[in-house]
Amino acid sequence: MLVMNKLRILGITFFTAAVASVISSCGDNKEPGLEFARNMYDPIAYNYDSPNKNFANGQTAQIPPAGTAPVGYDKVMDDYPNTIEGYLAASANLRNPVARTTETLEQGKTLYLHMCSHCHGKTGQGDGSIIKLEKFPPPPSYSTGNSSRGGAMKDLTDGKIFHTITYGLNLMGPHRTQLSPTERWKIVMYVHELQKVQ
Amino acid sequence: MRSISLVFRRIAQSLLLVSTLSFGFQQANAQAPAGGAAPAASSGGGDAAAGAALFKQKCTSCHALDRQVVGPALKGINGKHSKEWLHKWIKNSQALVASGDAEAVKVFNEYNKTVMTPFPELSDADVDNILAYVEVGETAKPGGEAGAAAGTGAEGEAKKEGISNLMLGGLILIVVVALLVIVVLNRVIKTLDRIILQKQGVLPEGEVLEESTAVRFRRLAKNKKFVFFVIILLVALFGSLGWKAMWNTGVHTGYQPTQPIKYSHQLHAGTLKIDCQYCHFSAYKSKNAAIPSLNVCMNCHNYVTASDKYNGEISPEISKIYKALDYDPQTKKYGNNPKPIQWIRVHNLPDFAYFNHSQHVTVAGVRCQECHGPIQTMPEVYQYSPLTMKWCINCHRTREVNSKGNAYYDKVLKVHDQLKKGEKVTPAVLGGLECGKCHY
């Protein structure tokens, strides 16, 4: 009798556990799940990425009116359009406004590693992770390559590098939406270091 | 009637067996390896082989064999222009254009006056090798090792999903079968009991098995063991449902919505090793680690179409980018009718909790993976951390403040000294005039 009771208790325990595990494993991770007081989750104001019925295209983030300048924007690039003339003018007139210190150079390095190194390589040799896997054609090396706009890569000036980061060149896309002008100048500073790599 | 307890025992034993087995399955499943073999690549011999190396080194930045990149597709170029002309053009195209060569001027104008890099360093033999390679073309397509691995990984995931669903279904089936067995056996026992009683002459022969459902149900309700079984079942059901509801309300751990484009972080962040902040470039300077706009995708996907995996067609997922941008990959021109991709937000922090990415990424130096989990291994992103208040607070309790070189803490110490001296300290000194302090 005692043995039977034990077995029964054991059986019931396992049965309960099995049912509980079956039930608790139910659930769809394609849906967020249970929510309480949803109205406390949603913002009253519009988030930049939330849908918005007030605009014709249904988005909150609208393209700013022409002529709008974001904070930290420098108007200077309007004078240097994405043409060969603009490129040469940038080379002649633009100098890096960011003072070169250990700190800014370090920031430039960090930005370079985040934004450039997967193509241009950690040392600027055009051997980044994407290039090594042959997913993308290699860019020229900063120290030994030649620019498609003439001259050696190691002779590129402040203005030329800044112009290229801003507008892109050949297969390199424009990076002005991802990097503020100051950030671009910090990268220019670090690229000059990589031009010296042997 | 006694035999019901026997039935219970049987069921308990089989359930024990099934649950042990299924746990075993789960374990084995979790360890299912995901590896991919790369097909071997080879290329032709002779001049073309030397040309292939040179082509890769010098030309692929702007040219491909079978499609326009920056410059024209080069397949069949030997038939279009004379060998001497090609030599001159490759070594210094601008000199050729400047000399007024009609063919050169035409090509130059056709490609929006894009200057081709001069290659004076190439010898005649080098140029011949390259042209030979262009003529022969790619003899064997190099296989994408990474792609194969990623594909296998995704398949593995799908298989795992399938088995766990099967397991779930199996368990439910077993519970249902167990209930059926109980009911059937109960009826069999009753019939046998009646036959025995009839044999013994206790029951008259004529009374047959006609019983109304209500009567049967009442008899079942009087069966203590059955009632006990039902109660256990209900307790298990409501107990676990309740437990789950209590703990998981508002906690979306594991939430993995289906996104409009099957973007794989495993491929981009894991295999290709693109830094998180290349695409989520606002994580270190703003409150939001924004979803990148499509122009960021186009920095690579103006070239990368993954067509080698889709028999020369553009990958259907990459086509979605082009369609959203109203971009024509043939002419490389953008149209006027772009439509945004509606990504589905995975991490939904309630609006009553303020969270700032830049504060955590830049000031504290928290790595992305500490909160978002092994994102570089996720073919499809899911929410890794619970994002509950307890989770936030536990980290804030244990992590050390990184005050080194942080002017904010210097200021706090300065103000502290001022207070000790009895000087007046205004909120403005502590940054109380910053716009974002109120208008965040």
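**Figure 1. The loop residue A:Ala37.** In the predicted model, A:Ala37 lies in the loop that links α1 (2-25) to α2 of chain A. Helices are DSSP runs of H or I with at least four residues, strands are runs of E with at least two, and both are numbered from the N terminus. The phi angle of A:Ala37 is near 55 degrees, a positive value in a residue other than glycine. A:Ala37 is exposed, with 10 other C-beta atoms within 10 Å. A residue is termed buried if 20 or more other C-beta atoms, placed from the backbone, lie within 10 Å of its own, exposed if 12 or fewer do, and partly exposed in between. Residue numbers start from 1 along each chain as its sequence is written, and chains are lettered from A and ligands numbered from 1 in the order in which they are written. Because the model is predicted, local features need pLDDT of at least 70 and side-chain atom pairs count only at pLDDT 80 or more, whereas totals for chains, interfaces and linings use all residues.

**Figure 2. The loop residue B:Leu387.** The loop between α16 (368-372) and α17 (389-398) of chain B contains B:Leu387. Phi of this non-glycine residue is positive, near 55 degrees. B:Leu387 is buried, with 20 other C-beta atoms within 10 Å.

Figure 3. Chain A holds 7 helices and 0 strands, and 29% of its 198 residues count as buried. A nonpolar core is a set of buried Ala, Val, Leu, Ile, Met, Phe, Trp, Tyr and Cys residues joined through C-beta atoms within 7 Å. Of the 35 residues in the largest such core, A:Met115, A:Phe162, A:Ile187, A:Val188 and A:Val191 touch the most other members. Two or more residues each come from α2 (84-93), α3 (102-115), α6 (158-167) and α7 (181-195) of chain A, together with α11 (265-271) and α12 (276-279) of chain B. The greatest share is that of α7(A), with 7 residues. Leaving aside residues up to four places away in sequence, A:Val188 touches A:Asn96, A:Asp158, A:Ile161 and A:Phe162; contact requires C-beta atoms, placed from the backbone, within 7 Å.

**Figure 4. Helix α2 of chain B.** In α2(B), residues 47-59, the buried positions are B:Ala48, B:Gly51, B:Ala52, B:Phe55, B:Lys58 and B:Cys59. The buried residues of this helix pack against α7 (124-136) of chain B.

**Figure 5. The side of chain B that touches chain A.** Contacts join 60 residues of chain B to 50 residues of chain A. On the chain B side, α1 (3-30), α8 (145-200), α10 (224-248), α12 and α13 (294-301) give two or more residues each. The most come from α10(B), with 10 residues. By class, this side has 36 nonpolar, 19 polar and 5 charged residues. Here Ala, Val, Leu, Ile, Met, Phe, Trp, Tyr, Cys and Pro count as nonpolar, Asp, Glu, Lys and Arg as charged, and the others, Gly among them, as polar.

**Figure 6. Helix α18 of chain B.** At 1.5 Å a residue, the 15 residues of α18(B), residues 407-421, should span 21 Å, which agrees with end C-alpha atoms 21 Å apart. The expected span is 1.5 Å times one less than the number of residues. The helix is hardly covered, with 0 buried residues among its 15. Just after α18(B), B:Gly422 adopts a positive phi of about 85 degrees.

Key
Contact = placed C-beta atoms within 7 Å.
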